[in-house]
Amino acid sequence: MNLLTEAITWIADNPGQFNRALGQHLLMSISAIVIALSIGLPLAIIIIRSRLMATLAVNSVNALRTLPSLAILAIMMPILGIGLWPSIVALTILALPPILINAYIGLRDVDPDAVEAATGMGMSERQILRKIRIPLAAPAMFAGLRTASVQVLAGATLAPFIGGGGLGDFIAVGIAGMNQSRLLVGAVPIAILALGTEFLLGQTERVLFGERRAA
Amino acid sequence: MTWAHKNIGVILEAAGQHLLLSFLSVIIGCAIALVLGIISARRQKLYVLFLTLAGIIFVIPSLALFAFLIPVMGLGMKPALTGLSSYCLLILLRNVVTGLRNVPADVLDAADGMGFSRWQRLTKIELPLALPLIVSGIRIALVTVIGIATVAAFIDAGGLGSIILAGIDQSYPEKVIVGGVLTALIAVFFDLSMTWMEKRLSREKQA
């Protein structure tokens with residue numbers, strides 16, 4: 001508890017430094033999620049039309065998924081240098097697989113009866129996509145967003161090692177100098193942020209789509 | 001690939017450490033999950049409590065979890081093993097309990113009717129029937145831990161993450177690629193080989 005008090009005191013004494021790290025952390029995580037959504041969702045809609053494209057996209061994204069997040073971040077440095085952008089690109093790559101695959105499976109596994117009924121009612125392909133497939137796939141898409149958010153927040157803690165800043169910086173400094181209270185300056189907000197996000201998204205999911213079917 | 005060629009020894013040693021770290025974590029996690037799962041499989045409230053705790057640990061980013069453990073355990077293998085085995089708990093507990101719950105009630109009745117003790121019923125009927133799901137939990141846990149274990153290099157636990165870190169520090173992309181791709185290959189190898197095992201187990205179960 002003593003360490004925690006020390007950590008809180010440090011934050012109170014250095015609000016500028018703390019807020020800057022928190023800002024960077026949020027900025028890179030949110031940017032990555034937004035970019036990944038704006039790539040992943042349209043891509044999912046494109047690939048459900050062709051079995052070949054779908055296999056190709058799903059497999060390459062799955063291969064990407066096996067790479068450890070640390071390696072994805074690290075490899076950005078020689079390509080893009082240091083700073084916030086390389087981290088954002090790396091985090092986008094981390095967020096893309098769950099978003100794309102969930103959206104794709106959601107769109108693909110829409111009840112065929114519903115699609116058939118819509119066709120029978122004279123809806124065009126486009127209308128079926130907009131009025132049937134996307135609304136019915138929305139819960140799966142949201143689940144993808146939830147998984148991606150947790151992964152991106154975890155990945156963002158590793159950003160300081162490639163000069164990307166964020167709350168992980170305090171942990172890096174804490175480990176380097178064996179400064180235990182500084183470790184907590186990073187770790188406590190990071191944990192609260194991750195748990196809070198997961199909880200909020202879980203509640204939102206419940207409000208929007210009702211109780212989740214037992215996984 | 002000149003560095004990799006000259007340093008096969010270093011790479012193999014790191015890969016060995018990585019495997020040791022991952023396997024030990026999953027074994028420890030599995031032992032804990034089995035105990036918790038057996039206790040809570042038929043006690044819904046307790047199960048929800050365990051699941052919530054394991055879920056909280058699972059959501060905390062690995063580097064932050066390690067940071068919490070350093071003041072208590074210092075650096076090295078101890079906090080790394082503790083952190084990584086805690087990560088497995090959610091996946092393993094869920095699969096152990098689902099596996100135990102899937103055992104049909106009439107099978108349990110039959111076992112009771114044959115005069116099996118609680119322990120005999122557990123070890124001879126319930127656990128063997130739950131085995132395919134437990135193995136599938138072990139596979140997912142192992143693949144997850146192999147990836148996260150790279151982060152353990154930050155707290156001096158070694159493994160392939162230390163090669164990636166060296167690559168970052170020295171601006172040496174080859175090291176990053178070797179460490180990253182090797183980690184991915186190891187994960188894929190265990191994913192495929194354990195999927196094969198699962199298939200064999202469920203086939204035997206049906207036969």
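**Note on chain B: annotated spans and a helix pair**

1. The unreviewed UniProt entry lists residues 20–39, 46–70, 76–93 and 175–197 of chain B under "transmembrane region"; such annotations may be inferred rather than shown by experiment. This is a predicted model, in which local features need pLDDT of at least 70 and side-chain atom pairs count only at pLDDT 80 or more, while totals for chains, interfaces and linings use all residues. Residues are numbered from 1 along each chain as its sequence is written, with chains lettered from A and ligands numbered from 1 in the order in which they are written.

2. Residues 20–39 of chain B are 100% helix and 0% strand, and their end C-alpha atoms are 29 Å apart. For residues 76–93 of chain B, the figures are 94% helix and 0% strand, with 26 Å between the end C-alpha atoms. Helices (H or I, at least four residues) and strands (E, at least two) are DSSP runs, numbered from the N terminus.

3. In chain B, helix H4 (residues 62–73) packs with helix H5 (residues 77–101) at an angle of about 135 degrees, their axes 9 Å apart. H4(B) and H5(B) are therefore oblique to each other (angles under 35 degrees count as roughly parallel, over 145 as roughly antiparallel, 65 to 115 as roughly perpendicular and the rest as oblique).

4. B:Phe68 belongs to helix H4 of chain B. B:Phe68 and B:Leu21, 47 residues apart in sequence, are 19 Å apart in space, C-alpha to C-alpha.

Notes:
Axes fitted to C-alpha atoms, helices over the stretch in contact; angles between N-to-C directions.
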